[in-house]
Amino acid sequence: MRTALTIASRELGSYFRTPAGWVIVALYLFLAGVVFTLSVFMPGRPASLRDFFAVSGWLLLPVAPAISMRLIAEELRSGTIEPLMTSPVGSASLVLGKFAGACVFMLAMLAPTAAYVVVLYRTAEPAPDPGPIAAGYLCLALVGSLSLSIGTLASALTSNATLAFMMTLFGLLGLLFVPSAAPFAPAAIRPALMALAVTPRIGDFAKGVVDTAHVAFFLGASAWFLLLAVAAVEIRRWR
Amino acid sequence: MVLVDQVHKSFGPVHAVRGVSFELKPGQVAGLLGPNGAGKTTTIRMIAGFLLPDSGRVSIAGADTVSQPHAARVRLGYLPESTPLYEEMKVREYLGYRARLFGIPGLARPRAIAHALERCWLKDVASRRIGALSKGYKQRVGLAAALLHNPAVLVLDEPTNGLDPTQIRETRQLVRELATDRTMLICSHILPEVERLCDRVIIIAAGKVRADGNPAQLARDGVDGAVYQLQVRGMRPGDDERLGHMWRSIPYVVGALRTDKDRPGDLAEWTSWSVSGKHGAPDLREAIATAAVQNGVLIRELRSETNTLERVFLRLIDEIDDDADEGRDAA
């Protein structure tokens, strides 16, 4: 656990030591800012961040893979995985540390958007409902965590960051399109596919409904992908 | 201190390491020699715990790399080939990170880092970005990182690869200094380096240990005995046969050859000979000189060409290639 924290803090630091991290943050905040100004912060509109959360969710689609693509792939490419895997660090700590570093970076990227909430409270009359805002942020964090866990797995599978990016992106798109594909699937697996669907769950969060089943789904799915990533790292010692 | 016992490792159809065994005693500095692709790096990676053996076992100071991986890794410092480092980090920052990974407690950390910086002559670049350093400095950062937790065993894979001659000299000096108080395994394909740094050489080729011993002793024993180069003048023209017979009658001599056969030997001419001694024979120079004097042969040069490690090494590699060729022919 201690080593996982060490790895997480180095990872977080490395985002801010390279221009890539700053570029991702800047692009995300720019687009989020445009959405806020043009569709939320308008006279006569209800005081709600719903549009902002919807667009932010879509923005995660390219942003999360960009955050996670280098996590392990870069270590594999540069060979730094060797000193890392020969230090007293278990594969689980390694993966968990990498993932945690990426998650904290993502939260750091989302944090400045809290300014929109403050602006909205200051200007809107009546004041916005805090429920959907809290649910929106929770939803962003959960979707982000799921996306980053898929990204961590992809990054553990290849030494090519671009490939890891594409794998994560297509993995996420696949997850989004599951409900549309479900009607064409054999009846036997249809309920299972529908249970895997993310979009209805995101819809619930957008309405301000925080269902523990949804929270458990996102956390469980993230844990599952991280477990696969641990296996992918550990298997490298054996092959 | 380091025990490698009947270790095998395959990558798909390639059987890279085939039953390698050796043991390093505390304080021993051993060199792992072999041509490229011999299985050196795979063996070293198994010792470092980066790879796990398909069969056999590796233990570091009593800790098995499979069943007690943490204990084994804490006791070992490892410098991988080409010294991979995080280029965006500063030297001190990187060492701090490594110190935390190895569980060096907070209070002891600054001292451990300062010690490693000093030992590897890195004090003046401690706050520079690793990516901005020269290759020689990067190598030293890698060494400092491997030393931080003061491991009992240090394993270095090609420590002077890609360095310029000055950097090579500096790195060798550093390695020699580090070798004074710990067990070390240095992997290299550069023979003089191993000869200079190590008190034991393990030659590995085609995944197997081919020779193991002290470099001087290996060179002496070698695979053949010593060879003596002579320049002599016989008493009569066409003395070749008599001279050849004379050399061969000396105890321990297994062969004698005129090396300038194209020139006819006559009374006035000096002829060159190569006399080979038996494997493990004593120095034969005296016996050769005595035989020459007794038979009225004049000598103007007599020199023993002892086996260098390089000759032993090349001979071993050739044998393996021949075996492989025969294997192919048979197939």
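1. Two strands are said to pair if DSSP finds at least two bridges between them, and helices (H or I, at least four residues) and strands (E, at least two) are DSSP runs numbered from the N terminus. In these terms, strand 9 (residues 200-205) of chain B pairs with strand 10 (residues 208-213) of chain B in the antiparallel sense, over 5 bridges. I202(B) lies opposite D212(B) of strand 10, and the two strands make a hairpin with 2 residues between them, where A206(B) in the turn has a positive phi of about 45°.

2. This is a predicted model, in which local features need pLDDT of at least 70 and side-chain atom pairs count only at pLDDT 80 or more, while totals for chains, interfaces and linings use all residues. Residues are numbered from 1 along each chain as its sequence is written, and chains are lettered from A and ligands numbered from 1 in the order in which they are written.

3. Chain B has 11 helices and 14 strands, and an automatic or database domain assignment divides chain B into domain 1 (2-221) and domain 2 (227-305). The centres of these two domains, taken over C-alpha atoms, are separated by 47 Å.

4. The C-alpha trace of chain B spans about 85 × 50 × 30 Å along its principal axes.

5. The contact between the chains (C-beta atoms, placed from the backbone, within 7 Å) takes 18 residues from chain A and 21 residues from chain B. On the side of chain B that touches chain A, helix 2 (69-74) and helix 3 (91-101) are the elements that give two or more residues.

How values were computed
Two residues are in contact if their C-beta atoms, placed from the backbone, lie within 7 Å.
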